[in-house]
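Take a walk through the fold before reading any values. Start with the aromatic rings, then turn to the helices and the loops.

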Amino acid sequence: MNETFSGLTTLGDKFAAHVVLSAAALALGVALGLPLAVWATRSRTVSRLALGFASLVQTVPALALLALFFPILLSLRGVFGDGLPTLGFLPALLALALYALLPILRNAITARAEMDPGVLEAADAVGMTKWQKLRLVEAPLAAPFVMAGIRTAAVWTIGAATLSTTVGQPGLGDPIFAGLQTQNWALVLAGCIASAGLALAADLLLGLVERGLKLRRPALAWSGLALVATGILTAMLAGRAQPRDTVVIGAKNFSEQYILARLIGERLQDQGYSVSYRQGLGSAVIHRALTSGQIDVYVDYSGTVWANEMKRAEPVNRREMLRSISQWERKSSGTLLLGALGFENAYAFAMKQQRARQLGIASLGDLAAKGRDLTLGADLEFLRRPEWRAVDAAYGLGALRQKSFAPTFMYDALASGEADVISAFSSDGRIAADRLTVLEDPKGALPAYDAILLVAPRRAGDERFLAALGPLVGAIPVAAMREANFMVDRAEDKRSPEAAARWLAGRLSR
């Protein structure tokens, strides 16, 4: 419990960002929903279409809705220019505002439909215009019901906003996702408590407004609104305290990436830079975020860039691959490949030692021949990557049963028997700790995966920035990286990614 409380005390900036995003999305949802509701109350066709659209949006998982705005905004750059953000606040704002529409619309339309016809006829009888009728009769009668819808939308929005971490927007999803990947349950609990506390506080304050409207006590309603406005304003001021020239460090969604991001961050902070982190990003998203300048630096893997970004499949040696990637990055976007860190984190297929011996499986060819009834556990993106297609083409592994897991949980799935073989990572310390057998790849279907440091175009000419990170090139032995990864991933005596990064920094080869 002490760890959870300690985690809560570090979430100030995430909490403030979460408040600002949720408030902005709810405000946009109200700004779109209320005029649409008024129109819908005067047209059955509009009512059906509006409620149908809002209901349809609700059927799309929030995570998918957030992800869909990335390609949508990317395609709109042709119209609005390269300055249009595709990650972070804007896609999260748009997705969450759409998510907030349904309760606002439905409550407003229902409130109008349930009004006493006599009251409305009386308004017509005294000669009120449509605007006077709306302002003086319909709006006051509907206000408590509309406010109830806004309360529901607020709670939904605050909860769904935790998923905005996946599109690079800081918030209370950061500790939840990082905790899930590193199995740091105190961090997960801290994020959940903060998010739930915010949702309850918002519901309580908006409830005051609703009660004030229902009881016709303006002072109560205004008090609730004033408290809400004070909270939002405080969060906005706290968010503005961050220096403008902040280096944004990206990270994908597994332990090694969290550790390396902190290692980079600490080196930059030592040189006087202010840093922030965007973690939990997928491979395609994080690379585009770098080339478009929305993050400044991150660690990728040569095989990933080779296959996913360059669309290359032919085998080449490691040196030639790095040279080609460097040229392609500089020519296509101005991105700088600062260098390889010194270790490789390749995809590798691993099985429990005893199970592999029992079945006589030592290579991917053996797996294809003898393992047709086995289950392959893969990380969330591997089965959609070109590397999997290359392995399947070389060995015919498509007949295996397939399950997807978050990278951290693949090893638990193997230990529990949920999977018989997993797509592991060669720098993962759990391969040795769990005594797993790594299957040989005699056909060389999997490319090299040197960890490489990529720098955004706008930082490629910053000599102080490059001097701070230069000593990392070629300085991290794979054994040290494995041990650092295992510190974070092991079940007992776990370390945080920050602590593992500090340990790793003390063992750099230069």
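Which residues form one aromatic cluster? They are Phe 254, Tyr 301, Tyr 347, Phe 349, Phe 382, Trp 388, Phe 425 and Tyr 449. Rings of Phe, Tyr and Trp (its six-membered ring) pair if their centres lie within 6.5 Å; planes under 30 degrees apart are stacked, over 60 edge-to-face, and the rest tilted.

This is a predicted model: local features need pLDDT of at least 70, side-chain atom pairs count only at pLDDT 80 or more, and totals for chains, interfaces and linings use all residues. Numbering runs from 1 along each chain as its sequence is written, and side-chain values use heavy atoms, with hydrogens and water left out.

By the ring rule, the count is nine aromatic pairs. One of them is edge-to-face: Tyr 273 and Phe 465, at 5.8 Å centre to centre with 90 degrees between the planes. This pair links distant parts of the chain, 192 residues apart. Tyr 273 sits in the loop between helix H11 (255–270) and strand S2 (274–278), while Phe 465 belongs to helix H20 (residues 463–469). Both are buried: Tyr 273 has a relative accessible area of 6%, and Phe 465 has 0%. Buried means under 20% relative accessible area, exposed over 50%, and partly exposed in between (1.4 Å probe, protein chains only).

Now the whole chain. It has 22 helices and ten strands. These are DSSP runs numbered from the N terminus (helices H or I, at least four residues; strands E, at least two). Of its 510 residues, 50% count as buried. The C-alpha atoms fill a box of roughly 90 × 55 × 50 Å along the principal axes.

Next, a helix pair. The axes of H5 (residues 89–113) and H7 (residues 130–160) come within 8 Å and cross at roughly 155 degrees. Therefore H5 is roughly antiparallel to H7, the term for angles over 145 degrees. Axes are lines fitted to C-alpha atoms over the stretch in contact, with angles from 0 to 180 degrees between N-to-C directions. Among the residues that meet are Leu 96, Tyr 99 and Pro 103 in H5, and Phe 145, Val 146 and Trp 156 in H7. Contact means heavy atoms within 4.5 Å.

Finally, two loop arginines. Arg 216 has a positive phi near 55 degrees and lies between helix H9 (185–214) and helix H10 (218–240). Arg 216 is exposed at 59%. Arg 435 also has phi near 55 degrees, in the loop between helix H19 (430–433) and strand S9 (436–438). Arg 435 is exposed at 63%.

Terms used:
Angles under 35 degrees count as roughly parallel, over 145 as roughly antiparallel, 65 to 115 as roughly perpendicular and the rest as oblique.
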